[in-house]
Structures are given as structure tokens and as C-alpha cells.
Amino acid sequence: MQIAAPQLAAQLQRGLRSLYTLHGDEPLLIQEAADAIRAAARQQGCGERTVHTVAGAHFDWGEVLASGGSMSLFSDRQLIEIRIPSGKPGKDGSQVLQQIAQAAENNDSTVTVVILPRLDMATQKGAWFAALDSFGVTVRVEAVDRKTLPHWIAQRLQAQGQCVLAGEEGQRTLQFFADRVEGNLLAAHQEIQKLALLHPAGELSLEQVESAVLNVARYDAFKLAEAVLGGQGVRVQRMLDGLQAEGEAPVLVHWALSEDIRTLHRVRTALDAGRPLPMALRENRVWGVKEKLMERALPLLSMATLTRWLDDAHTVDGIVKGLKAPGWPADPWQALQQMAMKVAGACALPAR
């Protein structure tokens, strides 16, 4: 049974299950989900906890089976955590996880928690993951995207008795907060807790938040590419500055941007050949957030524009590798900025 992370609390209230699987790439939310299961397990008499971290090709899965089959020395029930940072248990691990899943169905003495990173669809269709999902509760932990981050911050503030001012000023406060912590939920959580220490329950002004919240945002090249497709010029500039300051490789940033340009060009070619947009996107393996962004952007983009962008991407590829090009900045980051802002400007929805 697969549920989203916000549904976990309600599921635990209905009754603790013997098997839980957590998968996702957001450390804070994974930690909070695991903590909720641990707390429920303690209330149900799980007084002993064993943790196994799967690392390396020679991990001894026999130890995991042995701990699951042994009785707790100090309580009637025990909690076993199996952490697989790579998301790949291997052949032996796959067999052991299937055994654990099947044994969990009638096991009242052991609660097992399997913690995984975000998994692609192919991995989720594997026999071991299907067994975990079939015999237990699978918790899907989704990252908080930039669009919903202000709402997430507001909910966290509300949980500790604080809120921003109503109206436009409150929205500016939340947007400021989100800009400072984007891509770093652990830091966002810490900054929210700091506000609880600095100020009493009640409303927080923009000035109070500005003076307390540090700039702890973290960006990645693929989120930058999403901002470019979304036509978010100001955010694109801020992310480029952040990536440069963090020491990101310009080659990786260029690859993320140029890959989207190539995909847009292929989909535009398919559309001009008479293919329906949903089919053209699916054939080019475009899903999720990128699918929605490209659906919105493609009607704004002609084949001539996309062909020019391909030429630009080829030019900037040389610049980030040390070559010079007439009419382009010699600095790789300035060249990336010029290319990214050109695409973001074209993808922005026209003002009404």
C-alpha cells in the first residue's frame, strides 16, 4: 500500500503495521517520517532498535535476517531499520527483502522500516520493491518544490504558533523566506525553529524575518533548467549566482540547459510532423514537472527560435570548455547567463 508522506500520521493512528518502506530524496522529511514510525513503535512496546546500513558489494544480508528472526532481549517487540543509501540492494538483498516482506504479514514481534532514496519507475517495478509495497506500507516522500515552499513555511510557522501578517506584506515575507532557503529544507526547518526562539507566538513582520533568516539556499542545475522553462528570469539569475558561488561546474549547468533545448527541438519537430503534443512528449521521455512546463512553453516557440537556441548551446559548449566565440562573453558563467535568460524570456507568459 503506497501513501504520501502527509498521510502517514493518519495511517499510524489507525494502527501500526509490521513493515514500512520510506523512499525519497528529502532528508528532513524522510527523518520526520522515520521519527513518527519510531514513536508509534515505542508506544506499541518496541523497546529495542537495530539499524543496518547497506554499504558495499559484500554487505552481510544474513545479519539482517538473523536480527529479524531473533527475539528482543529487553521487550516484547523490536524495531529493525534497513537503510539502503544507493537504492540498490543487489541480488542477495533483493531476495532477503522479499523474504522479510512476506514474513512481515503475520509478524507481531518485529516492526521493519526500510529507508531508500528516490527510486525511478523501473526500480519500483522490481520484485523486491513490489513485495515491500504489497505486504507493508510504502511512504512516498516528495520534495517540496519552489511553488509550494511558501505554503510549507507558513504551515510550519503555524504549528509553532506563529504566522506572517495578512495580505500582500505577509506574502512578501513568505516569498523572502522561500528565496533564502530554497532547496535546503533542513536549513528552512532550523530557521523556522530560530524564529520560535527569537519571537513569541503571534504575527511576524517582514523586518523580523529578514533580520533572522540567513541566506542558506542551495540550488542545482536541474532546478535551474526548470526555472528557465518557467520563464522565471529573476529566479534564474539568483540561481546562476548561487551555483557559481557554490562552485558548481559550468559544464554540468550547460548540459542541463542544453538538454532541455534539444528536447524542445525534438518535440517541436514531432509537432510540426503532425504528432499530438502528449504523444510527442511521452516519446521524448518528458514527464512530471518538465512535462507541464514544456506543454506551456512550446506554443510560444517556433522551430526557427529553437534552431537558433541549438546553435547558441553549441557555442556556449565551447566557451565552458575554454574556447572563445565572437559576440559572446569569454567568461563561462556570463555566457550561460546570456543563454539562460534568452530562453527564460521567450518562455515567459506574455503580460495580459
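Predicted model: local features only at pLDDT ≥ 70, side-chain atom pairs only at ≥ 80, totals over all residues.
User: Which strands stand at the edges of the open sheet?

Analyst: The open sheet has six strands in the order 1-6-2-5-4-3, paired in parallel.

User: Which residue stands opposite Ala-4?

Analyst: Strand 1 pairs with strand 6 (residues 137–140) in the parallel sense, over three bridges. In strand 6, the residue opposite Ala-4 is Arg-140.

User: What angle does helix 2 make with strand 2?

Analyst: Helix 2 covers residues 27–43. This helix lies across strand 2 (19–23), strand 3, strand 4 (77–83) and strand 5 (110–116). Its angle to strand 2 is about 165°.

User: What angle does the direction of helix 6 make with that of strand 2?

Analyst: Helix 6, residues 127–135, packs on the sheet and touches strand 1, strand 2, strand 5 and strand 6. The angle between its direction and that of strand 2 is about 125°.

User: Is Trp-255 buried, partly exposed or exposed?

Analyst: Trp-255 is part of helix 13 (residues 250–272). Together with Phe-222 and Leu-252, Trp-255 makes a nonpolar surface patch of about 280 Å². Its relative accessibility is 42%, and values between the limits of 20% and 50% belong to the middle class. Trp-255 is therefore partly exposed.

Definitions and conventions. Residues numbered from 1 in each chain as written. Heavy atoms only, no water. Patch = residues over 30% accessible without salt bridge, like charges linked within 9 Å, V, L, I, M, F, W, Y side chains within 5 Å. Areas by Shrake-Rupley, 256 points an atom, 1.4 Å probe, with all protein chains shown as cover. Salt bridge = Lys/Arg side-chain N within 4 Å of Asp/Glu carboxyl O. Helix = DSSP H or I, 4+ residues; strand = E, 2+ residues; numbered from the N terminus. Buried < 20%, exposed > 50% of the residue type's maximum accessible area, 1.4 Å probe, protein only. Pairing = 2+ DSSP bridges. Contact = heavy atoms within 4.5 Å. Axes fitted to C-alpha atoms, helices over the stretch in contact; angles between N-to-C directions.
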